[in-house]
Amino acid sequence: MKALTWHGKHDIRCETVPDPQIQESGDVIVRITSTAICGSDLHLYDGFMPTMEAGDVLGHEPMGIVEEVGGSVTKLKKGDRVVVPFTISCGKCWFCERTLFSLCDTTNPNHKIAEKAMGQSPAGLFGYSHMLGGYAGGQAQFLRVPHADVGPIKIESDLPDEKVLFLSDIYPTGYMAAENANIQPGDIVAIWGCGPVGQFAIRSAWLLGAGRVIAIDNVPERLAMARAGKAETIDTTDANAYEVLMEMTHGRGPDSCIDAVGAEAHGTYTLEDIADKVKVSLGLATDRPAALRQAIMSCRKGGTLSVPGVYVGTPDKVPFGALMNKGLTLRTGQTHVQRYLAPLLKTIEDGTIDPSFVVTHVRPLEEGPDLYKTFRDKKDGCIKVVLKP
Ligand SMILES: NC(=O)c1ccc[n+]([C@@H]2O[C@H](COP(=O)([O-])OP(=O)(O)OC[C@H]3O[C@@H](n4cnc5c(N)ncnc54)[C@H](O)[C@@H]3O)[C@@H](O)[C@H]2O)c1
Ligand SMILES: [Zn+2]
Ligand SMILES: [Zn+2]
């Protein structure tokens with residue numbers, strides 16, 4: 001089959017690789033009809049994420065048609081149309097029982113590597129390094145899906161792929177980010193990053209009762225999309241978001257702050273931001289946490305900080321003293337996607353939201369390598385890429 005494979009920093013190829021096979025009785029094989037590129041994939045493309053190996057198949061936002069079914073699978077049959085969550089979860093362990101699906105205790109065969117880095121291992125993820133399981137990803141013609149009775153959601157309606165595909169990741173991720181932000185009716189919510197995750201966090205913040213949503217970025221078309229989602233915006237090209245937020249909130253700060261940027265923030269205002277750039281390029285630092293720092297400094301006393309943005313290691317100079325002394329609540333994590341599949345599918349079916357608003361590029365899989373670059377560089381108005389294998 002054809003698949004997008006990782007061969008090092010900024011080296012993604014479309015290659016022929018072996019077709020996946022059923023390995024466990026709980027597996028299914030899905031023929032992929034649509035598969036997206038995520039901001040998280042950029043952390044692989046830019047070489048931030050350790051334990052990638054040459055030839056690894058990328059991708060974790062896929063959907064398609066079930067082609068083959070393992071012997072113990074009861075909920076799916078050949079021909080079913082499914083969206084596959086990026087988290088691989090067993091459905092039975094202590095964590096899955098508590099719907100903490102991205103923390104599943106049993107799906108990372110390489111948990112020893114993750115334990116060294118993090119103390120305990122989170123769940124295995126599709127196409128997201130050997131430390132997180134070494135599973136082949138879904139930017140491919142076919143995908144092996146373990147624990148198929150727990151993961152994929154069946155799409156019974158004829159809604160087009162682009163409307164349901166993002167149940168795999170970014171819609172639940174934006175929604176969980178807003179849920180984690182503890183939004184009370186009328187609250188002011190500030191969101192760093194107007195990429196796809198930020199866009200879904202904006203729309204979810206409204207669903208959860210926000211009174212004002214303020215979105216922060218420096219990319220014009222992403223800011224415009226945020227405004228189309230009824231957010232006020234701050235363009236950081238010529239403004240310091242902290243100062244503007246303090247003005248907009250009469251010196252109090254937003255009640256909830258969401259960092260939808262993560263490890264590769266661009267920063268221009270502080271010495272720390274410049275130091276991040278130098279240190280990361282020399283391999284002396286793991287992350288560039290400019291947005292995280294600013295979110296902590298901006299959040300009102302006693303407010304909540306929600307971090308869906310992915311961090312890799314030990315970000316430097318995070319103002320933990322400010323977080324502690326201002327009494328902030330911090331909530332974060334890879335999304336527990338399975339928890340959100342059914343309720344969020346309902347919001348698509350009943351017309352509350354049409355997630356396809358975020359799509360700017362629909363292209364053949366073969367164009368994937370170029371589109372990684374286009375998406376990373378935010379060229380050609382690129383906000384979200386959907387590939388057709
Ligand atoms: N927690 C999860 O389960 C989960 C799931 C999906 C994605 N993510 C993460 O969410 C983050 C966003 O994903 P995405 O797909 O939207 O990525 P993206 O790269 O398209 O968007 C990031 C946006 O942040 C903006 N930005 C950069 N520095 C900034 C700063 N200092 N202030 C304000 N904005 C800044 C960029 O211009 C860009 O528009 C990534 O870190 C990704 O890995 C997490
Ligand atoms: Zn993702
Ligand atoms: Zn589990």
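By definition, a residue is buried when its relative accessible area is under 20%, exposed when over 50%, and partly exposed in between, with a 1.4 Å probe and protein chains only. By that definition E232, with a relative accessible area of 30%, is partly exposed.

Colleagues, the structure before you is a predicted model, in which local features need pLDDT of at least 70, side-chain atom pairs count only at pLDDT 80 or more, and totals for chains, interfaces and linings use all residues. Residues are numbered from 1 along each chain as its sequence is written, and side-chain values use heavy atoms, with hydrogens and water left out.

My topic is the salt bridges. The term denotes a side-chain nitrogen of Lys or Arg within 4 Å of a carboxyl oxygen of Asp or Glu. In general, side chains of opposite charge can pair when their charged atoms come close. The structure holds 20 salt bridges.

I return to E232, whose partner is R212, with the closest N and O atoms 2.8 Å apart. Strands here are DSSP runs of E, at least two residues, and helices are runs of H or I, at least four, numbered from the N terminus. R212 is partly exposed, at 26% relative accessibility.

Which residue forms a salt bridge with K388? The partner is E162, and the closest N and O atoms are 3.1 Å apart. This pair links distant parts of the chain, for K388 is in strand β18 and E162 in helix α4, 226 residues apart. E162 is buried at 18% relative accessibility, whereas K388 is partly exposed at 30%.

Finally, a network of salt bridges links D46, K373, R376 and D377.

Terms used. Chains are lettered from A and ligands numbered from 1 in the order in which they are written.
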